[in-house]
Amino acid sequence: MASVYASMRSIGAYAPSRILSNSDLEKMVDTTDEWIVKRTGIKERRIAANDEYTSDMGVKAALQAIERSGLSANDIDLVICATVTPDYFNMPSTACIISDKIGINDVQAFDISAACSGFVYLLTIAKAFIESGMKKNVLIIGAEKFSSIVDYTDRGTCILFGDGAGAAVISATSDKNEAIIDIHASADGAYADFLVTPAPGSVNPASQEMLDNKLNFVQMKGNETFKLAVKTLTKDVIEILKHNNLQASEIPHFIPHQANYRIIKAVGDALNMKEEQVVLTVHKYGNTSAASIPMAINDIYESGRLKTGELMLLDTFGGGLTWASALLPFAGKVK
Ligand code: UT7
């Protein structure tokens with residue numbers, strides 16, 4: 001029997017039109033454009049409209065990915081969404097809502113929670129479903145309305161995060177050259193308190209006290225997370241490159257999680273990456289969590305930088321703590 005491999009057949013993304021600039025934030029909290037740019041590289045981020053939900057952004061990214069895949073919605077046999085800002089805590093899943101809005105019926109759909117590592121975690125799931133022969137065309141979506149859990153009086157977090165969505169169709173192929181080469185994904189719950197939204201949940205069910213104490217907003221140990229992110233992201237890519245007998249110089253597109261320019265620069269420098277190898281969107285979108293990696297892939301796709309067959313190295317880190325890296329060629333058609 002011929003081998004079946006999983007391949008990334010298309011990419012799509014969506015960024016809401018409303019821009020929240022550093023000068024807007026200067027009016028909201030005690031910060032400056034200069035501080036934000038110097039410490040994070042972020043100039044602006046996108047914020048969804050009040051009536052624009054995680055599923056709406058996910059639908060826009062998904063429709064683009066399906067269209068670019070050359071398939072139709074009917075061909076999709078699994079829908080998975082990574083998000084920590086679902087439409088509802090905790091049912092129905094955002095994947096179910098997205099499926100319904102797209103018109104994908106009678107197909108398995110579920111969410112996963114892996115924070116910023118969500119999209120690369122989705123790749124592992126799609127790969128496993130496809131290579132086991134259970135599914136053929138998996139729609140994966142990373143979508144976040146992070147603004148719904150950000151405290152816009154907390155200067156340590158509100159400057160970082162933005163909203164958006166990215167999606168990809170992962171399909172079965174018999175061509176090994178198109179296959180996802182390798183994925184490493186891991187986690188360590190001992191650092192759970194580094195990035196946490198304390199409520200609502202079984203620990204802190206919704207209550208007036210929850211609102212009074214702002215437990216529904218994201219809390220982050222920024223500096224500790226920063227240091228661990230640099231260390232883990234660097235170690236992760238060194239390992240996956242070594243495991244596949246590749247040098248960093250052979251990677252045309254290094255696509256790290258877009259959390260902070262200083263983290264990306266430190267990892268890129270540790271690997272001796274040239275500037276043109278490293279994909280950057282953090283200046284215009286901030287940290288969009290599970291949407292960060294697919295939005296960055298879409299960025300190089302739309303600007304014509306990404307060509308069919310070119311190798312991408314994904315590297316991500318987030319709440320959980322979770323982290324993951326992936327090596328794969330882009331198997332979609334380019335414009
Ligand atoms: O996506 C998941 C992974 N997430 C991350 O990787 C995020 C990682 N963390 C970061 O990006 C950085 O830690 C931050 C950008 C959040 C903060 O930068 P930092 O260089 O780690 O600053 P710090 O937290 O050590 O704070 C340094 C100073 C403090 O003042 P004092 O105590 O030295 O007087 C902060 O109060 O900077 C102050 N500060 C600010 N000042 C102006 C913190 N936030 C701000 C701000 N504007 N927005």
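This is a predicted model: local features need pLDDT of at least 70, side-chain atom pairs count only at pLDDT 80 or more; totals for chains, interfaces and linings use all residues.
1. Four strands make up an open sheet with mixed pairing, in the order β8-β13-β12-β11. Its edges are β8 (182–187) and β11 (253–256); each has a single partner strand, so one side of each lacks a neighbour in the sheet. On average, neighbouring strands here are turned by 10° against each other, direction ignored.

2. The β8 and β13 pairing. Strand β13 covers residues 322–329 and pairs with β8 in the antiparallel sense, over six bridges. Within this pair, D182 stands opposite L327 of β13.

3. Helices on the sheet. Helix α5 (residues 118–131) lies across β8, β12 (311–318) and β13, and runs at about 120° to β8. Helix α11 (residues 292–302) also packs on the sheet, where it touches β11 and β12. The direction of α11 makes about 150° with that of β11.

4. Helix α4. This helix spans residues 94–102, and its buried residues are T94, A95, I97, I98, S99 and I102. They pack against α3 (54–69), β4 (78–82), β5 (108–112) and β6 (137–144). Just after α4, G103 has a positive phi of about 90°.

5. G164. This glycine is found in strand β7, residues 164–173. G164 counts as buried because its relative accessibility is 0%, the cut-off being under 20%. Beyond neighbours within four places in sequence, its contacts are Y14, P16, M57, G142, A143, E144, T288, A291 and M295. P16 is 148 residues from G164 in sequence, yet their C-alpha atoms are 6.4 Å apart.

Technical notes:
Residues are numbered from 1 along each chain as its sequence is written. Side-chain values use heavy atoms; hydrogens and water are left out. Helices (H or I, at least four residues) and strands (E, at least two) are DSSP runs, numbered from the N terminus. Buried means under 20% relative accessible area, exposed over 50%, partly exposed in between (1.4 Å probe, protein chains only). Contact means heavy atoms within 4.5 Å. Two strands pair if DSSP finds at least two bridges between them. Axes are lines fitted to C-alpha atoms, for helices over the stretch in contact, and angles run from 0 to 180 degrees between N-to-C directions.
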